[in-house]
Amino acid sequence: GCGGDDGDGDDSGSGGSDATPAETILSDAGLEVCGEAQDQVAQSIGEEGVQNVRAFAVAKDCGGKKTSPDTITVFQFSSIDTRDKGATAISAAYDRGVVMTSGALVVVAAGPNRDANADAVGRAYTDSTGAPVETV
């Protein structure tokens, strides 16, 4: 945790890298992770099939702040079936978010720059994984 960022070594070893795949995609999208965001929607959908939820406060430049009005939330589902059900619930819960799906993931961009962020993240994800991203 605390202190400087000394994790710039090589990331070839599994489990040795500090950056999660989600954080790598965000960085490829030109977004900085300011901090973890609290996501209330994650609790409210309580959908079976959700394996993991990470919510990030993001900005082009956090300016040293740990928060941002813009967030990217990544829901990982156990299967495409549960993802489809989850995406519907998530989409309903985020009335002002951009909800995207790819594989077993649902990615939500929320906040004032949600459209630009969703665009950038979708492109970075497709570049990185070769998997198309669809907007719900």
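Which residues lie nearest the centre of the second largest pocket? They are Pro21, Ala22, Val74, Leu105 and Tyr125. This is a predicted model, where local features need pLDDT of at least 70, side-chain atom pairs count only at pLDDT 80 or more, and totals for chains, interfaces and linings use all residues. Residues are numbered from 1 along each chain as its sequence is written, and side-chain values use heavy atoms, without hydrogens and water.

**Second largest pocket**
- A pocket is an open set of points on a 1 Å grid over the protein atoms alone, where a 1.4 Å probe fits, with protein on both sides within 12 Å along at least five of seven lines.
- The second largest pocket holds about 380 Å³ of space, counted as the space filled by probe spheres set on the points.
- Its lining has 21 residues, each with an atom within 4 Å of a point.
- Of the lining residues, 14 are nonpolar, six polar and one charged.
- Elements that each supply at least two lining residues include helix H1 (21-28) and helix H4 (114-129).

**Disulfide**
- The structure holds one disulfide, a pair of cysteine sulfur atoms within 2.5 Å.
- Cysteine 34 and cysteine 62 form the link, with sulfur atoms 2.0 Å apart.
- Cysteine 34 lies in strand S1 (residues 32-36) and cysteine 62 in the loop between S2 and S3, 28 residues apart.
- The link is left-handed, with -90° about the S-S bond.
- Both cysteines are buried, meaning under 20% relative accessible area with a 1.4 Å probe, protein chains only.

**Threonine 101**
- Threonine 101 sits in strand S4, a DSSP run (E, at least two residues).
- Threonine 101 is buried, at 8% relative accessible area.

Conventions. Helices (H or I, at least four residues) and strands (E, at least two) are DSSP runs, numbered from the N terminus. Ala, Val, Leu, Ile, Met, Phe, Trp, Tyr, Cys and Pro count as nonpolar, Asp, Glu, Lys and Arg as charged, and the others, Gly among them, as polar. Buried means under 20% relative accessible area, exposed over 50%, partly exposed in between (1.4 Å probe, protein chains only).
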